[in-house]
Amino acid sequence: MSHSGMVVTQCSSAPAASASRRASLRRALALLTGLAFCVLFLGLGRWQLQRAEFKAALAAAHAAAGSAQPLPPSADAAHYDGARVVVSGKWLIDRTVWIDNRTHAGRAGVHVLTPLALADGSWLFVNRGWAPMPGDRRQLPLPSLPSGAAQALIGVAVQPATGGYTLAGGDARDALWSRIDVAQMQRWAGAAKVYPLVLQLESNVGDGLVREWAPPAFGPEKHRGYALQWFLLAALTAGLTLWFGWRSLRRDEA
């Protein structure tokens, strides 16, 4: 009788041990998953803080009187959104385009964009400023520019739009756009490489255009807010992971 009882006890303990191992494995997997998400959220939070510091540095550089830095290589261009830069090149006056429906002091007009051919052959679209729209919309304003190379043009580099639609019609209206659009800029340039920023011109080039640009929105506070959200999400994930792990352990012990 005692020998038979020993066999029953050993057989009944085997499923319990297997279930305990499966529960431990699930608990370990859940803890590792929670840890991975915590690391991810913390990394995203740190990245947002770095972006905030960079935007704050750009704002300080823009606020400094007369500060300007050389236009960076196109690979680093996105980091210079809102920075004041200096650049030189050759005006491509015959490739000028106009951005429709731009107002100044309550008057309808256009922004005049003339590409600048840089030393590496790429095109940089320069927003020269605002001009009133004439009564005959077929005669778009084209103020003159000095011929030859442009010397030490200073302006604010901004990222253009990434989508939208443009107006098209006759030969003149092909150059009348509804917005500054990356894809349209590249189509307009043809085989030439387009620099991924637009220069809002500050230098006086004697064309009589109105250049009253709104201050760039650097937004370091926005990035700090995003960082706080990621850190809170990491803390919440860590707390839930520990709580569910503790509950699972207590349940197995019970």
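Reader: What caps the N-terminal end of α2?
Author: In this predicted model, the cap is aspartate 181, which places a side-chain oxygen 3.1 Å from the backbone nitrogen of alanine 183.

Reader: And just after α2, which residue takes a positive phi?
Author: That is glycine 190, with a phi of about 70 degrees.

Reader: Which residues of the helix are buried?
Author: Within α2, which spans residues 182-189, the buried ones are Gln184, Met185, Trp188 and Ala189. They sit on the same side of α2, because the arc they cover around the axis is only 135 degrees.

Reader: What covers them?
Author: The cover over the buried residues of α2 includes the strands β3 (97-104), β5 (123-132), β7 (176-177) and β8 (194-201).

Reader: Let's turn to the rings, then; how many aromatic pairs are there in the whole structure?
Author: The search finds 6 aromatic pairs. One of them joins tryptophan 177 and tryptophan 188 in an edge-to-face arrangement, with 6.0 Å from centre to centre and 85 degrees between the planes. Since tryptophan 177 belongs to strand β7 and tryptophan 188 to helix α2, the pair ties together parts that lie 11 residues apart in sequence.

Reader: Switching to the strands, how do β3 and β4 run, and what is in the turn?
Author: The two strands run antiparallel and are joined by 6 bridges, with β4 covering residues 107-117; within that pairing, arginine 102 stands opposite glycine 109 of β4. Together β3 and β4 make a hairpin that has 2 residues between the strands, and alanine 105 in the turn takes a positive phi of about 55 degrees.

Reader: How many bridges join β3 to β7, and which residue stands opposite leucine 176?
Author: There are 2 bridges between β3 and β7, and these strands run parallel. The residue opposite leucine 176 in β7 is tryptophan 98.

Definitions and conventions
Residues are numbered from 1 along each chain as its sequence is written. This is a predicted model: local features need pLDDT of at least 70, side-chain atom pairs count only at pLDDT 80 or more; totals for chains, interfaces and linings use all residues. Side-chain values use heavy atoms; hydrogens and water are left out. Buried means under 20% relative accessible area, exposed over 50%, partly exposed in between (1.4 Å probe, protein chains only). Helices (H or I, at least four residues) and strands (E, at least two) are DSSP runs, numbered from the N terminus. The arc is that of the directions from the helix axis to the C-beta atoms. Contact means heavy atoms within 4.5 Å. A polar contact is a pair of N or O atoms within 3.5 Å; within protein, one must be able to donate a hydrogen and the other to accept it, and residues adjacent in sequence count only if both atoms are side-chain atoms. Rings of Phe, Tyr and Trp (its six-membered ring) pair if their centres lie within 6.5 Å; planes under 30 degrees apart count as stacked, over 60 as edge-to-face and the rest as tilted. Two strands pair if DSSP finds at least two bridges between them.
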